[in-house]
Amino acid sequence: MLKGILEYAHDLLAETVKSGEAVIDATCGNGNDTLFLSKLTGNEGKVIAFDIQEQAIQNTQRLLDHHNRKNVILIQDSHDNMLQYVSPADKQWLGGAIFNLGYLPKGDKTVITTPASTLAALGHILQILKPGRMVVLVVYYGHEGGMKEKEALLQYAIQLDQKQYQVLQYRYINQKNHAPFIIAIQKK
Ligand SMILES: C[S@@+](CC[C@H](N)C(=O)[O-])C[C@H]1O[C@@H](n2cnc3c(N)ncnc32)[C@H](O)[C@@H]1O
């Protein structure tokens, strides 16, 4: 069966992230991806999760508490500031990362991810990502401002050097209403 977008995003990370590694959730929102990564990396691993909204940090903390997960560092700041919080940027230590773009479901629809900070954060992640590992972006773009971010991201992803990265777009082409799609970037 063809996989749905969120299922496939998780499958890509499940195939590449190893137990005990550190990973990043760049947009933790309601915590679903953070919880998934927390289980995937295991008690010896670590998830560093960012969101700019207090509401998102609280929702994620509540979900983690409910599942008794303790290997997550939650940071209320923009993901483009991530290098202030993580290990040195001159080393390749990151096991994987996910972005879920757009606004917080059931939250404030005016607070959205933006091209400048998304691309800056993505650049940082590519720098610290281990070879063979992946950053997966789930691109929602039906909201106001979403199209601009989608275009900027595609433009950025398309020009990545094929000698250094494999870049995949996974998208259903007969769905209406700006259905989300995946961009997955694997470092060679
Ligand atoms: C689609 S939601 C994420 C959903 C989440 N992954 C989940 O599993 O529930 C997008 C989130 O990105 C957050 N966000 C927007 N701009 C951000 C930024 N510059 N840095 C970090 N998070 C940001 C929003 O606050 C929102 O919670």
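## Ligand site and salt bridges

An oxygen atom of the ligand lies 3.1 Å from a polar backbone atom of N32, a polar contact being a pair of N or O atoms within 3.5 Å. This is a predicted model, in which local features need pLDDT of at least 70 and side-chain atom pairs count only at pLDDT 80 or more, while totals for chains, interfaces and linings use all residues. Residues are numbered from 1 along each chain as its sequence is written, and side-chain values use heavy atoms, with hydrogens and water left out.

| Ligand atom | Side chain (N or O atom) | Distance |
|---|---|---|
| nitrogen | D33 | 2.9 Å |
| nitrogen | S117 | 3.5 Å |

On its own the ligand has 600 Å² of accessible area, of which the protein covers 96% (Shrake-Rupley method, 1.4 Å probe). There are 24 residues around the ligand, and N30, D33, D51, Q53 and S78 come nearest, where a residue is near if one of its heavy atoms lies within 4 Å. This shell divides into 9 nonpolar, 12 polar and 3 charged residues, with Asp, Glu, Lys and Arg counted as charged and Gly among the polar ones.

Turning to salt bridges, the whole structure holds 4 of them, each defined as a side-chain nitrogen of Lys or Arg within 4 Å of a carboxyl oxygen of Asp or Glu. One of them joins the side chains of K3 and D11 at 2.7 Å, N to O. K3 counts as partly exposed at 30% relative accessibility, and D11 is likewise partly exposed at 22%, this class lying between buried (under 20%) and exposed (over 50%), with a 1.4 Å probe and protein chains only. E21 forms a salt bridge with K130, their closest N and O atoms being 2.7 Å apart.

Technical notes. Polar contact = N/O pair within 3.5 Å; in protein donor to acceptor, adjacent residues only side chain to side chain.
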